[in-house]
Amino acid sequence: MSYTITNECINCSRCRTACPTGAITIQDNVFLIDATLCNDCQGYYGTPQCASVCPTNSACLPSYQVTGGSENQMADYWDLWFNRYHNLVGKLKGKQTSPYWEQWFEAYSQEISTLMTVNS
C-alpha cells in the first residue's frame with residue numbers, strides 16, 4: 001500500500017526530506033508519491049515518515065481501493081494507528097503472568113525487605 005498526498009498539503013516539503021525511499025516528488029508545484037517507490041517505510045521506521053512529520057496531520061493518508069468499486073477511499077491515519085494500538089494492548093492484557101515471575105518478585109521483595117530492616 002502506498003500513501004497519497006491530499007489537497008490539505010501546505011507544501012512545507014517536510015515529507016520529501018523525511019522519505020527514506022525518495023518516493024515523494026514535486027510536479028507543477030504539487031507533491032506526489034510514487035506508488036512504486038513507497039513501501040510505508042517498512043524496513044526503515046515503524047510508522048510512515050511522511051504522515052508522522054506532516055504538520056497538517058491529514059495531508060498524507062494511506063490509499064485503499066474500495067472493494068466492489070473503482071473509487072479510492074482514504075483511510076484516516078490516526079484511526080488505523082489507534083486500532084492497531086488497542087489491538088496490541090488487548091493482546092498484552094489478555095496474557096497471563098507467569099508463575100515464575102510472580103515467585104521471583106516475591107523472593108526479591110522479601111530479600112529487599114530483609115536488607116532494609118537489617119541496615120536500619
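1. One aromatic pair is counted here. The rule: rings of Phe, Tyr and Trp (its six-membered ring) pair if their centres lie within 6.5 Å; planes under 30 degrees apart are stacked, over 60 edge-to-face, and the rest tilted. Trp104 and Tyr108 have ring centres 5.1 Å apart and planes at 10 degrees, so the pair is stacked.

2. This is a predicted model: local features need pLDDT of at least 70, side-chain atom pairs count only at pLDDT 80 or more, and totals for chains, interfaces and linings use all residues. Residues are numbered from 1 along each chain as its sequence is written, and side-chain values use heavy atoms, without hydrogens and water.

3. Both Trp104 and Tyr108 sit in helix α4 (residues 99-119), four residues apart, about one turn of the helix. Helices (H or I, at least four residues) and strands (E, at least two) are DSSP runs, numbered from the N terminus. Trp104 is partly exposed at 41% relative accessibility. Tyr108 is partly exposed too, at 44%. Buried means under 20% relative accessible area, exposed over 50%, partly exposed in between (1.4 Å probe, protein chains only).

4. Now the strands. β2 (residues 24-27) and β3 run antiparallel, joined by four bridges; strands pair if DSSP finds at least two bridges between them. Ile24 has Ile33 as its bridge partner in β3. Two residues lie between the strands of this hairpin, and Asp28 takes a positive phi near 55 degrees.

5. Which residues form the covered face of β3? Phe31 and Ile33 do, while Val30 and Leu32 form the uncovered one. In a regular strand, side chains alternate between the two faces of the sheet.
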